[in-house]
Amino acid sequence: MEKHTPYFKVLDAFQQSSSCGLCLLEKDALRSYLEAFLYENVNDPKSRAILKASRGYCSSHTDELVGRHDVLALSILYRDQCLEADSFLEKNKKFKNQYKKWNQHEFCPACKQAQQIRKHYLGILIQGLQEEELRTAFLNHFQICMKHFLLITDQLQDSSFKKQIVQKMQMQLKFLAQELDQYCQDIQKNANGSLLDSPYHSSWKRAIEAVAGQPGVFIV
Ligand SMILES: [Zn+2]
Ligand SMILES: [Zn+2]
């Protein structure tokens, strides 16, 4: 396999990250996409036309944009949206099935981008797992959420490797469940005034990420 920057990004994510490497890569790539929109594309007529057709971004991606506090870009974007809403009301004065009609629009462009990003990194990982270096990093760190894990196993051709990682994943999930059992017991002991702290106090956070992926990643 010829190795390029994306391969090394995937390798780095699996060597360094303390949570799912693919979630991390997707989040970073989508953050860059939204930043590029705020700083450059908000004035681009083509991008604005796409956003008019999609009624802006979906609520999750709008929240992400709002969190970046670029009031000028958001004002430009939502000026367009206000005018679109006004024009919709102007054209639809019968007031029948309006809600349904207003919600018939193109898919959120950030959601579309997120799907492309997912496909891109997943493809690099699947191909890269044939390389000893990436395979070792993946197995040694084994930071992968259930959703990305299933996307990987759905595409993996190597059945003995697939079997190996399924066993590893099951062990990891059972181990997390045991930690949570222990934590529930510790909380009860604490309620009785017999324990001040538990070594498993953050296990529930890791369990949520292990099952659902990192926040904001699996919107689509
Ligand atoms: Zn993930
Ligand atoms: Zn979206």
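Modeller: A term before we start: two residues are in contact if their C-beta atoms, placed from the backbone, lie within 7 Å. Also, this is a predicted model.

Colleague: Where does Cys 145 lie?

Modeller: In the loop between H8 and H9.

Colleague: And is Cys 145 buried or exposed?

Modeller: Cys 145 is buried, because 22 other C-beta atoms lie within 10 Å and the cut-off for buried is 20 or more.

Colleague: How far is Cys 145 from Leu 51?

Modeller: Their C-alpha atoms are separated by 31 Å, and the two residues are 94 residues apart along the chain.

Colleague: Let's back up to the whole chain. How many helices and strands does it have?

Modeller: The protein chain has 11 helices and zero strands. Along the sequence the pattern reads α-α-α-α-α-α-α-α-α-α-α.

Colleague: What about the radius of gyration?

Modeller: The protein chain has 22 Å, whereas a compact globule of 220 residues would have a value near 17 Å. The C-alpha atoms fill a box of roughly 60 × 60 × 35 Å along the principal axes.

Colleague: How much of the chain is made up of buried residues?

Modeller: Buried residues are 20% of the 220 residues. As for contacts between residues at least 6 apart in sequence, 77% of them join residues at least 24 apart.

Colleague: Now the core. How many residues are in the largest nonpolar one?

Modeller: The largest nonpolar core has 28 residues, and Val 10, Phe 14, Leu 22, Tyr 121 and Leu 134 have the most contacts inside it. Two or more residues of this core come from each of helix H1 (5-16), helix H2 (21-39), helix H7 (109-128) and helix H8 (132-141).

Colleague: Which element gives the largest share?

Modeller: H7 does, with six residues.

Colleague: Tyr 121 was on that list. What does Tyr 121 touch?

Modeller: Tyr 121 touches Val 10, Leu 22, Leu 25 and Glu 26, if residues up to four places away in sequence are not counted.

Colleague: I was also looking at Lys 119. Where is that one?

Modeller: Lys 119 is in helix H7. Lys 119 counts as exposed because it has 11 C-beta neighbours inside 10 Å, and the cut-off for exposed is 12 or fewer.

Colleague: Different topic. At what angle do H10 and H11 pack?

Modeller: Helix H10 (residues 159-191) and helix H11 (residues 203-212) pack at about 145°, and their axes are 9 Å apart. H10 passes H11 in a left-handed crossing.

Colleague: Which residues make that contact?

Modeller: From H10, Leu 173, Leu 176, Glu 179, Leu 180 and Tyr 183; from H11, Ser 203, Trp 204, Arg 206, Ala 207 and Ala 210. By class, the contact has seven nonpolar, one polar and two charged residues.

Colleague: How far is Leu 180 from Asn 43?

Modeller: They are 49 Å apart in space, C-alpha to C-alpha, and 137 residues apart in sequence. Asn 43 is found in the loop between H2 and H3, and Asn 43 is exposed, with 11 other C-beta atoms within 10 Å.

Technical notes: Residues numbered from 1 in each chain as written. Chains lettered and ligands numbered in written order. Predicted model: local features only at pLDDT ≥ 70, side-chain atom pairs only at ≥ 80, totals over all residues. Core = buried A, V, L, I, M, F, W, Y, C linked by C-beta atoms within 7 Å. Helix = DSSP H or I, 4+ residues; strand = E, 2+ residues; numbered from the N terminus. Rg over C-alpha atoms; globule rule 2.2 N^0.38 Å. Axes fitted to C-alpha atoms, helices over the stretch in contact; angles between N-to-C directions. Left-handed = near helix turned anticlockwise from the far one by under 90°. Nonpolar A, V, L, I, M, F, W, Y, C, P; charged D, E, K, R; others polar.
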